[in-house]
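Hi there,

Here is the structure I promised to pass on to you. Have a look at it first, and then read my notes below.

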Amino acid sequence: MATTTISKGLAEQPVEHHDAHHGGSFRLYWVIAIILLLATVLEVGLASVLKGELECVAGIPCPPALAETFEQSNAWAIATISDGVVAGSMMTIAIVKAALVILYYMHLRYEKKLLWVIFAIPFGLVSLLAIAMFLNP
Amino acid sequence: MAKTVRTFLSQFLGRIPTMRLGVGVVAALVLMSLTISITYAQGEVPTQEQNMAGAVLGIFLALVGLGMLTVVLIGFVLWATQTKIPFLPQGEPQGIARYFSFSTDHKVIGIQYFWTSFAFFILGGIMALLVRWELALPGLFFTTTQYNQFFTMHGTIMIFFFIIPMLTGAFGNYIMPLQIGTFDMAFPKLNTLSFWLLVPGGLLMLASYFVPGGTAQAGWTAYPPLSILASKQGPGQLLWGISLFIAGWSSIVGGMNFLVTIMNMRTKGMSYFRMPLFTWNIAVTAVLQVLGTASFAAGLVLQVMAMTFDFPFFDPVRGGSPLLWQHVFWFYSHPAVYIMILPAFGIISETIPVFSRKPLFGYRALVFATCGIGVLSFVVWAHHMFTSALLPQLRLPFMLTTMLIAIPSGVKIFNWLGTMAFGKLTLNTSMLFSLALVSMFVIGGISGVMMGSIPVDIHLHDTYFVVAHIHYVLFGGSAFAIFAGIYYWFPKMFGKMLDERMGIWHFWLSFIGFNLAFLPMHAVGALGMPRRYADYAPEFTELNFVITVGAFLLGFAQLILVANMAYAFAKGKQAVDNPWGARTLEWMTSSPPPHHNFEEPLTVEHDPYDYEWNPPYKPLPETAPAVGD
Amino acid sequence: MDITVARKFRANQEPGTGISNDKLGMWIFLASEVIFFAALISVVVALSLNPNEEVNLFREHREPYARKAIILATTNTFVLILSSVFVVSAIDAIQKGNQRMMKVWLWLTLIGGAAFLYNQGQEWAELSHILHEEFGFAEGFAGGTESLFAAAFYTATGFHGLHVAIGVALLLYVLVRAHRGDFTARRYNAIEMFGLYWHFVDLVWIILFTILYLI
């Protein structure tokens, strides 16, 4: 692993060389940004339909044409789909978004495995805490 | 115009020699007295708004100090505009002044931690003696509120401002970089920040003595709703929470620094399995600090919000749950007790081989035991909650993990015994304290395993049995190791030898006082005496009196150590590089080491405990016939 | 610290992790931040799962607020995601030696951060107002006394907002250095470290947004 020492400011320590292919490209980052934005819209839209707490889509009231359909699907969803499934699907989308940010924006995909371990351990630990707290009688 | 302003500001900055002399502390002290006077002026029992205002003002002034904030802001502007600051040509502070400055040298910082922790040790000890004074005889000498404040401050100060900073901040900071052969920590400026975060944390804790209503009084565990109620007596409980929040960040930053230093800056030849055990223990401790403390921070945030704004997180009537605090608190505080014991184990893993002149028995087993303790420490926390309204089905798994974690500690005990077996023992003060740890920790460990069993814990929880257990492991364990470390590393850190005869007196008086104080607690606890009560049933009188006598003996014995250190500074013998003939790297340089620790970078070719040792028994012949052949 | 001495010692070290001190340190720090936020969020979720119907007014208090504020919150999510991709674009720009675009992207990030904080303030005002209207609670933080949802909301978003504010302060430092020409195609460590912190803050918001508004 080629390292150089540099003499200015923070960088008084070995620095990894960044090759041109080290990591994603400009296009990739923006594609991921679009995916993230769309996923957010999906999340909010799904929540609107499945839970009935929000207006049609993201708080915007439905145009009259769609209002009927929305109310029916809303009623159906609240009746048939359990809270757990709703929560599960929301969290899954959120986790996918988070994973994209971690892997590509924080560059973890291209980093050494040690950093994966360092970042993953707290999640494992805290899930134990979370489970113990959720089982609170 | 801008230029004149900039010139004036740069000269203002340049003329403050106090920039080098810790202006923050002075400013904070002055301004904290101001805050306290303002709080007093508000009258006996402040209202909620006054509490909040006082606390906010207190944090702001304590942490920042008007002077520091001005300096930082001006400094930022000048740096951004690239104006030169003409510092007076005084250079780095020399001598004692270094220890009051923002030094980035890990050795200076280690010594800053050392004296700060030691001062808090004395204060925490005084709190303990006040507790024991109350409990010497039945009936009340102090008020119950005062009693609650004594034991709360005793626990809090000893844990967060003595044991953890002394073991990690003082010994860890000073010794670990030397042991891995490097010239400083990975982030020297963060190291400075780490110490200087402890200072306002400590000051806030001290300030709580002077506010109306007095200090915190809900125990070091601060369970709501008791703590929320206590916060209505005065700002003391709130100051407690904020103080620990700040001290916690000191711990996290320190832990992060240790890990990066150990992972990236070991000298050539110092592979992971050539690191001394002290460094290994500090490494695992650092992991616990980084991961665990943040949970405590989250809990403190919730408590502080509940105290200042009356948020209902812990109020069942409004939808909250006190049990949630217990989970979040113990999720940190259990690893915290391992933060307190692992470096202690590290210290005696250093002294025992040296003073047995024998290689450490089972180096790898000790390393894996340390890592095992680290991992397991995160999955035992609810054993502090067996009698809380924990889901019953959750209790059994925690009992199992609690039993499990005793095993690696047991491995360590056997390895230390194995190290000493057939060795040539030097029973100096450091070794005596190390031996005391081995035996006292076994007692403390066994009482812990007993309480790990749910049926037993149901009877023993919140009795003096618990107090006995914690003091056997924390005083008999951590504090004895700290003493062992002081007698071992004092020559290296301060360049003077401590007097052996005074040390032996210190040891025996401490050992006898310690056992006199804490052994009977097992009995009174098992007989039903509750902890944290200012009074007790008359049948416990004789034993409590004995305990108090022991405690006072233990307390006054520490004065011998203080006298010993004072004498060493005044008239002590100059220390050589390696007074004990040890083999770890910190002894391969002068006492104290030069600014960059070593004259030349070292390359390690030997194990840390490779003493010449000839076994006194004949090894078995290679080709012994198998039985039944 | 004398640089020649440091170099001398660094030339004589074990290989280590192969990861620079700064990066390793930052990831370890982020690990502790994960625990902090995860613990805080777990408590909030645990509170919302209280089976005692009479006292668990979490969802009841949230509904009118979520209805009104979901657009604002979603916009905030967009803002933070975009600011994250702005930082990455800044790093991409400097990797290609483009000083000008790097500065542009960094300034856009700053605008994003400031916009987020402003919107967050709006959300707080909205919550305070709605609780006052619908349930007659006091305005401001005092509403949190009655409403567990409000208390949890203010605390969680408050500490997240504090982290965003700290990020903005760090960004100011990075911007000053950027304008000074401190960064080159081979040396842009500070931006990368800032980026890691900023993406983490974005990450927390993604989870927090889902939990506070949608579940």
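Let me start with a question: which residues of α3(A) are buried? They are Val86(A), Met90(A), Ile93(A), Ala94(A), Lys97(A), Ala98(A), Leu100(A), Val101(A), Ile102(A), Tyr104(A) and Tyr105(A). Here "buried" means under 20% relative accessible area, "exposed" means over 50%, and "partly exposed" is in between (1.4 Å probe, protein chains only). Helices are DSSP runs of H or I with at least four residues, strands are runs of E with at least two, and both are numbered from the N terminus.

Before we go on, some housekeeping. This is a predicted model, in which local features need pLDDT of at least 70 and side-chain atom pairs count only at pLDDT 80 or more, while totals for chains, interfaces and linings use all residues. Residues are numbered from 1 along each chain as its sequence is written, chains are lettered from A and ligands numbered from 1 in the order in which they are written, and side-chain values use heavy atoms, with hydrogens and water left out.

Helix α3 in chain A

This helix covers residues 83–105 of chain A. Its 23 residues should span 33 Å at 1.5 Å a residue, and the end C-alpha atoms are 32 Å apart, which agrees. (The expected span is 1.5 Å times one less than the number of residues.) The cover over the buried residues of α3(A) includes α1 (26–51) and α4 (113–134) of chain A, together with α3 (58–95) and α7 (189–214) of chain C. Contact, by the way, means heavy atoms within 4.5 Å. After α3(A) comes His107(A), which has a positive phi near 75 degrees.

Chain C

Chain C has 7 helices and 0 strands. Of its 215 residues, 66% count as buried. The C-alpha atoms of chain C fill a box of roughly 70 × 40 × 25 Å, taken along the principal axes. If you take the contacts in chain C between residues at least 6 apart in sequence, 78% join residues at least 24 apart. Chain C exposes about 7,300 Å², and carbon and sulfur atoms supply 61% of it. These areas come from the Shrake-Rupley method with a 1.4 Å probe; for residues, only the protein chains shown count as cover.

Chain B

How many helices and strands does chain B have? The tally is 17 helices and 0 strands. Chain B has 629 residues, and 61% of them are buried. About 24,000 Å² of chain B is accessible surface, with 72% of it belonging to carbon and sulfur atoms.

One helix to find is α6(B), residues 188–207. Of its 20 residues, 15 are buried, so α6(B) is largely enclosed by the rest of the structure.

Next, look for His506(B) in helix α16 (residues 500–526) of chain B. Is His506(B) buried or exposed? It is buried, with a relative accessible area of 0%. Its side chain makes a polar contact of 2.9 Å with that of Gln558(B). A polar contact is a pair of N or O atoms within 3.5 Å; within protein, one must be able to donate a hydrogen and the other to accept it, and residues adjacent in sequence count only if both atoms are side-chain atoms. Leaving aside residues up to four places away in sequence, His506(B) touches several others, among them Phe433(B), Phe483(B) and Tyr487(B).

Some backbone details

Most residues other than glycine have a negative phi, and most peptide bonds are trans. Against that background, Phe422(B) has a positive phi, near 65 degrees. Phe422(B) sits in the loop between α12 and α13 (429–452) of chain B and is exposed, with a relative accessible area of 55%. Arg532(B) also has a positive phi near 65 degrees; this residue is in the loop between α16 and α17 of chain B and is partly exposed at 25% relative accessibility.

There are cis peptide bonds to look at as well. One runs from Pro224(B) to Pro225(B), with omega near -5 degrees, and Pro225(B) is in the loop between α6 and α7 (226–231) of chain B. Another joins Ser591(B) and Pro592(B), with omega about -10 degrees; Pro592(B) lies in the segment after α17 (541–571) of chain B.

Enjoy exploring!

Best wishes
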